[in-house]
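Please keep the sequence and the structure in view while reading.

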Amino acid sequence: MAMMKDLRVYVNPGDARHNGEREVFYSRRRDGPYYCWRYEKKLGHWCGSRVLLSDLQVRELCAAPWKTLPAALQASIDAYYVE
């Protein structure tokens, strides 16, 4: 899987990690809205939800390389952002 054009993925460096892996990621395509991606253990997959800018400290986010995302999250993001 390759990262699609104009898609950015972020992490909050202050977010806690579980077992050394991040549980929360953020994404944004072009100038669109931000989405928060969390792994839902009960559902067994990554779920994305739109985040209001008023609820997000954008200044605290850092870019995350696509290759650092779990493969299942990459697949969920690819399925959500259909070209």
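## The loop between S4 and S5

Arg30 is placed in the loop between S4 and S5 of what is a predicted model. At a relative accessibility of 53%, Arg30 counts as exposed, since the cut-off for that class is over 50%. Although Arg30 is not a glycine, its phi is positive, at about 50°.

## Helix H1 and its buried face

Helix H1 covers residues 71-80, and Leu73, Gln74, Ser76 and Ile77 are buried within it. When H1 is viewed down its axis, these buried residues fall within an arc of 165°, so they line one face of the helix. Ala71 and Ala79, by contrast, are exposed on the other side of H1.

Which strands do the buried residues of H1 pack against? They pack against strand S1 (7-11), strand S4 (24-29), strand S5 (34-40) and strand S6 (45-51).

In soluble globular proteins, nonpolar side chains tend to be buried together. The largest nonpolar core here has 14 residues, and those with the most contacts inside it are Phe25, Trp37, Leu69, Leu73, Ile77 and Tyr81. S1, S5 and H1 each supply at least two residues of this core, and the largest share, three residues, comes from S1.

## Aromatic pairs

The count of aromatic pairs comes to seven. In one of them, the rings of Phe25 and Trp46 have their centres 5.7 Å apart and their planes at 65°, so the pair is edge-to-face. This pair links distant parts of the chain, with Phe25 in strand S4 and Trp46 in strand S6, 21 residues apart. Phe25 is buried, with a relative accessible area of 3%, and Trp46 also counts as buried, at 8% relative accessibility.

The rings of Tyr80 and Tyr81 have their centres 5.1 Å apart and their planes at 90°, so this pair, too, is edge-to-face. Are these two residues buried, partly exposed or exposed? Tyr80 counts as partly exposed at 43% relative accessibility, whereas Tyr81 counts as buried at 7%. Tyr80 and Tyr81 form one aromatic cluster together with Tyr35 and Trp37.

Arg22 lies in strand S3, which spans residues 21-22. Is this arginine buried or exposed? With a relative accessible area of 17%, Arg22 is buried, because the cut-off for that class is under 20%.

A polar atom of the Arg22 side chain lies 3.2 Å from the backbone oxygen of Asn12. Not counting residues up to four places away in sequence, Arg22 touches Val11, Asn12, Pro13, Asp15, Arg17 and Trp46. Trp46, one of these contacts, is the residue whose ring pairs with that of Phe25.

Notes: Residues are numbered from 1 along each chain as its sequence is written. This is a predicted model: local features need pLDDT of at least 70, side-chain atom pairs count only at pLDDT 80 or more; totals for chains, interfaces and linings use all residues. Side-chain values use heavy atoms; hydrogens and water are left out. Buried means under 20% relative accessible area, exposed over 50%, partly exposed in between (1.4 Å probe, protein chains only). Helices (H or I, at least four residues) and strands (E, at least two) are DSSP runs, numbered from the N terminus. The arc is that of the directions from the helix axis to the C-beta atoms. Contact means heavy atoms within 4.5 Å. A polar contact is a pair of N or O atoms within 3.5 Å; within protein, one must be able to donate a hydrogen and the other to accept it, and residues adjacent in sequence count only if both atoms are side-chain atoms. Rings of Phe, Tyr and Trp (its six-membered ring) pair if their centres lie within 6.5 Å; planes under 30 degrees apart count as stacked, over 60 as edge-to-face and the rest as tilted. A nonpolar core is a set of buried Ala, Val, Leu, Ile, Met, Phe, Trp, Tyr and Cys residues joined through side-chain atoms within 4.5 Å.
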